[in-house]
Amino acid sequence: MIGAGVARRYASALLQIGLEGQRCDAFGEELGRVMALVRGSHELRGALGNPVFPLSQRKAALLAVLDRVGVSTTARSFLALLLERGRFAELDSIEREYRTMADRAAGRVRAEVTSARPLEGDVAARLAQALEKATGKTVLLEKKVEPELLGGLTLKVGSLLYDGSVRARLSELRERLVEG
């Protein structure tokens with residue numbers, strides 16, 4: 001596993017190319033599609049990461065997959081470079097770093113709201129508006145449902161977690177009762 005610094009350098013290099021050609025979001029989408037494919041196929045991960053196969057065969061397999069997925073020439077070259085340098089196994093870390101850097105460059109922040117039941121009506125939209133007002137950035141809101149929360153919701157913005165769930169409140173109450 002490579003360090004975060006190395007993943008950051010690869011992501012930064014691709015981001016610079018994306019900024020110059022105004023293709024940051026397109027590259028992010030392409031990396032996401034490739035990463036989803038790699039996550040979903042144990043065979044593909046094994047074939048691309050297995051040193052038993054010569055690099056030329058692994059590279060040919062990667063390029064064939066990339067043709068099917070439909071990625072740009074720049075993304076193809078970037079992913080082939082990762083394979084050649086033995087860094088393809090770290091695509092997940094590189095893709096995460098890239099997404100974070102591209103969001104920062106575009107003035108976006110990702111937020112995750114988790115609720116016990118699906119959010120009704122325009123609750124998600126109002127929550128996103130409030131977060132945009134608080135952060136001064138465009139908010140990309142991802143919604144999740146976890147019935148274990150019992151009620152309320154949790155909100156994660158960057159590294160901050162706000163827990164307003166019934167489960168958390170019951171846990172706090174239990175701790176107070178045990179202490180008292």
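I counted 8 helices and 4 strands in the chain, taking both as DSSP runs numbered from the N terminus, with helices (H or I) of at least four residues and strands (E) of at least two. Along the sequence I read the order α-α-α-α-α-α-β-α-β-β-β-α. The chain has a radius of gyration of 21 Å, well over the 16 Å that the globule rule gives for 180 residues, so it is more spread out than a compact globule; the radius is taken over C-alpha atoms, and the rule is 2.2 Å times the number of residues to the power 0.38.

I note that this is a predicted model, in which local features need pLDDT of at least 70 and side-chain atom pairs count only at pLDDT 80 or more, while totals for chains, interfaces and linings use all residues. Residues are numbered from 1 along each chain as its sequence is written, and side-chain values use heavy atoms, with hydrogens and water left out.

**Overall extent.** I found that the C-alpha atoms fill a box of roughly 65 × 35 × 30 Å along the principal axes. Of the 180 residues, 33% count as buried (under 20% relative accessible area; exposed is over 50%, partly exposed in between; 1.4 Å probe, protein chains only).

**Salt bridges.** I looked up 13 salt bridges in the structure, each a side-chain nitrogen of Lys or Arg within 4 Å of a carboxyl oxygen of Asp or Glu.

- Glu84 meets Lys59 at 2.5 Å, N to O. I place Glu84 in helix α5 (residues 73-84) and Lys59 in helix α4 (residues 55-69), 25 residues apart. Glu84 is partly exposed at 38%, and Lys59 is partly exposed at 27%.
- Glu95 pairs with Arg99, with the closest N and O atoms 3.8 Å apart. Both lie in helix α6 (residues 91-106), 4 residues apart, about one turn of the helix. Glu95 is buried at 8%, whereas Arg99 is partly exposed at 31%.
- Glu112 meets Lys144 at 3.4 Å, N to O. Glu112 lies in strand β1 and Lys144 in strand β2 (residues 138-145), so the pair ties together parts 32 residues apart in sequence.
- I also recorded a salt-bridge network that links Asp25, Asp103, Arg108 and Arg110.

**Thr114.** I located Thr114 in strand β1 (residues 108-115). Thr114 counts as buried at 4% relative accessibility. Leaving aside residues up to four places away in sequence, I list its contacts as Lys144, Glu146, Leu149, Gly152, Leu153 and Thr154, where contact means heavy atoms within 4.5 Å.
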